[in-house]
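Hi everyone, thanks for coming. Let me put the sequence and structure up, and then we can walk through a few aromatic residues together.

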Amino acid sequence: EWYLHEGRYPEIICICRNVLQDIQQKKLPEDQDWERWISIQLAKGYENEGQYGGAAALYEQNVARIRGTEQWTSVKCMYYCYSLGECYKKLEQYSDALALYEQSMEEIRVLKGTDDPEIAEIQGWIDSVSDLTSDADMELDADEGGSSGNGEDD
């Protein structure tokens, strides 16, 4: 936590990678909660260093481990939905972010009911990604319209 507070992300990445490697090699006792916490710190380090693909992969692994278990709470659903969605947006994987948000909205409905304020929060995320998707589609259309379109090499 201190390294995060101080913004020492390369050190965080190094330490967390080493700890996770030691857990995988059975040099440290296996503890799912602790391993998940370490991988979250590593993902935060990756995000702050602009390594969004690495961060997204770690968040995805954590979600896969706990989704559908008693550990999957509305708090964890919202945390991973937001964090993973932000990575997807940085990677310009808007359709992945949109699918994640829609699935998370359904999970929050199941976990907390249909009138929970978190649903409105996720809807805002859906709306913002929909806007980004529309903007990206317009840019793609503009780029395609500017080419000669003849398919021949000069």
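Let's start with Tyr82, which is partly exposed because its relative accessible area is 42%; buried means under 20%, exposed over 50%, and partly exposed in between, with a 1.4 Å probe and protein chains only. Before going on, please note that this is a predicted model, where local features need pLDDT of at least 70, side-chain atom pairs count only at pLDDT 80 or more, and totals for chains, interfaces and linings use all residues. Residues are numbered from 1 along each chain as its sequence is written, and side-chain values use heavy atoms, leaving out hydrogens and water.

So which ring pairs with Tyr82? Trp125 does: the ring centres are 5.4 Å apart and the planes sit at 50 degrees, so the pair is tilted. Rings of Phe, Tyr and Trp (its six-membered ring) pair if their centres lie within 6.5 Å; planes under 30 degrees apart are stacked, over 60 edge-to-face, and the rest tilted. Tyr82 is in helix α5 and Trp125 in helix α7 (residues 117-145), 43 residues apart. Helices here are DSSP runs (H or I, at least four residues), numbered from the N terminus. Trp125 counts as buried, at 13% relative accessibility.

The structure holds six aromatic pairs. Another one is Tyr59 with Tyr79: centres 6.2 Å apart, planes at 80 degrees, so edge-to-face. Tyr59 lies in helix α4 (residues 52-66) and Tyr79 in helix α5. Tyr59 is buried at 0%, while Tyr79 is partly exposed at 29%. Finally, ring pairs join Tyr59, Trp72, Tyr79 and Tyr80 into a cluster.

Terms used. Helices (H or I, at least four residues) and strands (E, at least two) are DSSP runs, numbered from the N terminus.
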